[in-house]
Every structure is written in C-alpha cells, then in structure tokens.
Amino acid sequence: MLNLERLRTLDAVARHGSVSGAADGLHVTTSAVSQQLSKLEREVGQQLLAKNGRGVRLTDAGLLLAEHAARILSQVQMAQADIEAQRGRVVGEVRLAAFPTAARGLFPAALAALREGHPELRVRTTELEPEPGVRAVLRGDADLAIVLDWSNKRAPVPGGLERAHLLDDSADVALPAAHPLAGREAVDLEDFADEEWVSWPEGEFCHDWLMFTLRSQGIEPRIGHFAGEHHTQLALVAAGLGVCITPRLGRPVPDGVAFVPVRQKVRRHIYATWRADAGRRPSVRAVVAALRAAAEPLAS
C-alpha cells in the first residue's frame, strides 16, 4: 500500500522542480522531504530521483508515479470537500494568500470576523503577489488567493479556477508634496510625461500594466526606480525622486507625499480565487464571505 503523505511529497517535488522547493511548499525541512522519498523508493522498489548537476530530477519511474500521485491527491481533495460539504460545518484549515496591500487592507477585519464566527476554523495566511498566488492555488499550496487586474488590462482566469469579485480599488498619482500639481483636484497622466516614475519590479503584472497605460496615453515612461512595496515607492516619492501610481487599499500616508485623483479613473479589480473542486467546502465559502464583508466599506 502506497503511503499518501509520501505521494504528496513526490507530487510536491514534481510541481516545484526541486527538493528545496517541495520543502518550502510543504512547510517542512529538506531532510524530511528526502527521508519521505527514500521510504517511497523502498516501497515501490525503484529509484524515483536521480542527480542532475547540483540538483535532482525525477526518473522515468518517478515521473510515472508523480502523474498517478497528482490524480490520487486530486481525488482526495474532492473527497475532503464532499465530506466537509455534507457535514455542513466550517472547520479545519484554509490556506489564504494575498498580495501585500490586500493583506494589509482586508486580512485584519476578515480574519477577526472568522475567528469570532467560526472558532473551529484555522486560517493560515501568507503574502504572495497575484501571479505566484494563482500558481499556488493551481498547485494546491494555497486554498484561496486574493488577486487583481486593472480596468484597462484584464487578467485571464486559468482553467479549473473560480473567482469572486471583492472590490474595485481606485488609484491616484502620488507626487512630492511640493510638486506644482500637488494641489490639483484631479490630473491627467499626460501631465507627468516628463517626470521620472517609480514602478513595480520588471516582469510583474502591475509593472506591465503601468507601461501599457502610460504608452496608451502617448507617454514613453522614464522609470527611475523599481520597488515592490508601496511603502518604499512612497518613500522615494517623498524624497522627490519621482511620481507613482498608488491604489487606495491598504495605502500608507507618509509625510511629504500628496495624492491626486486621475481623471481617467484608474482602478484595480480585486478578486478571491480558488480551485473549482474546493468551491463546495463550507470553509472556503465562509472565507470568501468574510473577505467580501471586509471589502464592502473599502470600495472606492
């Protein structure tokens, strides 16, 4: 009889591509992963991993068993969802990921409400940018993720996922308090054609959106600084080193920065997303409901 936890470990190695990645995804040590795989190799009587440079790769037998493991684990997840739905109680554990501003803006109220309303439910949270969050849900490393797209640049929903709209989040231009446009009631993006910009890191969805949005207004962006956290972006703005687009959800308000609305109504759409086969779980539905309630007074 194959051990389910050892199959879960093999599946994690196949999905993450390394022992260390599997350990991170399973929240265990690399030594624990190696021990589980060694025991699984003894159970099946074949080598499942082979050295590949400084890392490892799955052997043909390992790849074959990993395919079966993925199907078995999917069936186990569906069985757990059906049992939880049949029982009708909000219990167990839910793993929830969110990008930093959503975590800061939504988690405190939502998690406090869940703790009070569903004391048998444990919600474990982590911060992940939207694209890694979607991948974590697809891999089964998270049960739900809070993700986003922009009103003028939508993100597709991968197959096998469902999502629920939480809120629309307006964004403003952040500029130094002494900037000539700081006192305006509203600005156009074209007003900043000659400015240096502070952007999200290259390769992130929000950076690509900023480039697309500015270029669609006839602006060739001059990016002076890259920063993933809004706190860092706004600190650079306060120092007079550029301007940036800053959504309102979870936004810090440092000294030396002014926020001015954009006439073109720049908005993010924020969603919760989860695997379709988990949608029957009362715990997943309870978390989505709590997130929606936390988002309701914040919509802008």
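What share of the contacts in the protein chain with a separation of 6 or more is accounted for by residues 24 or more positions apart? The share is 75%, where a contact means heavy atoms within 4.5 Å.

## Basis of the model

This is a predicted model, in which local features need pLDDT of at least 70 and side-chain atom pairs count only at pLDDT 80 or more, whereas totals for chains, interfaces and linings use all residues. Residues are numbered from 1 along each chain as its sequence is written, and side-chain values use heavy atoms, with hydrogens and water left out.

## Overall make-up

The protein chain has nine helices and 11 strands, these being DSSP runs numbered from the N terminus, with helices taken as H or I over at least four residues and strands as E over at least two. Taken along the principal axes, the C-alpha atoms of the protein chain fill a box of roughly 75 × 50 × 30 Å. Of its 300 residues, 45% count as buried; with a 1.4 Å probe and protein chains only, buried means under 20% relative accessible area, exposed means over 50%, and partly exposed lies in between.

An unreviewed UniProt entry carries the annotation "domain: HTH lysR-type" for residues 2–59; UniProt positions are given in the numbering used here, feature names are shortened, and annotations may be inferred rather than shown by experiment.

Helix α1 (residues 4–16) and helix α3 (residues 30–44) have axes that come within 9 Å and cross at roughly 115 degrees, the axes being lines fitted to C-alpha atoms, for helices over the stretch in contact, with angles running from 0 to 180 degrees between N-to-C directions. That makes α1 roughly perpendicular to α3, on a scale where angles under 35 degrees count as roughly parallel, over 145 as roughly antiparallel, 65 to 115 as roughly perpendicular and the rest as oblique. The crossing of α1 past α3 is left-handed, a term used if the near helix is turned anticlockwise from the far one by less than a right angle, with right-handed used if clockwise. Glu-5, Arg-6, Leu-7, Thr-9, Leu-10 and Val-13 of α1 make the contact with Val-33, Gln-36, Leu-37, Lys-39, Leu-40 and Glu-43 of α3. By class, the residues of this contact are six nonpolar, two polar and four charged, where Ala, Val, Leu, Ile, Met, Phe, Trp, Tyr, Cys and Pro count as nonpolar, Asp, Glu, Lys and Arg as charged, and the others, Gly among them, as polar.

## Helix α2 and the end of α3

Helix α2 (residues 19–26) packs with α3 at an angle of about 105 degrees, the axes being 8 Å apart, and α2 is therefore roughly perpendicular to α3. On the α2 side the contact is made by Val-19, Ser-20, Ala-22 and Ala-23, and on the α3 side by Thr-30, Val-33 and Ser-34; these divide into four nonpolar, three polar and no charged residues.

Val-44 lies in helix α3 and counts as partly exposed at 30% relative accessibility. Not counting residues up to four places away in sequence, Val-44 touches Leu-2 and Leu-65. Val-44 and Ala-61 are 17 residues apart in sequence, with a C-alpha to C-alpha distance of 9.4 Å.

## The pairing of α5 with α9

The axes of helix α5 (residues 100–117) and helix α9 (residues 282–295) come within 8 Å and cross at roughly 130 degrees, so the two helices are oblique to each other, and their crossing is right-handed. Leu-106, Ala-109, Ala-110 and Leu-114 in α5 meet Ala-286, Val-287, Ala-290, Leu-291, Ala-294 and Ala-295 in α9. The residues of this contact comprise 10 nonpolar, no polar and no charged.

## Individual residues

Arg-139, found in helix α6 (residues 130–139), counts as partly exposed at 27% relative accessibility. Arg-139 touches Arg-15 and His-16, not counting residues up to four places away in sequence, and its C-alpha atom is 18 Å from that of Arg-280, 141 residues apart in sequence.

Ala-70, in helix α4 (residues 60–87), is partly exposed at 36% relative accessibility, and the C-alpha atoms of Ala-70 and Ala-193, 123 residues apart along the chain, are separated by 50 Å. Lys-265 lies in the loop between β10 (257–261) and β11 (267–275), where Lys-265 has a positive phi of about 55 degrees although it is not a glycine; at 53% relative accessibility, Lys-265 counts as exposed.
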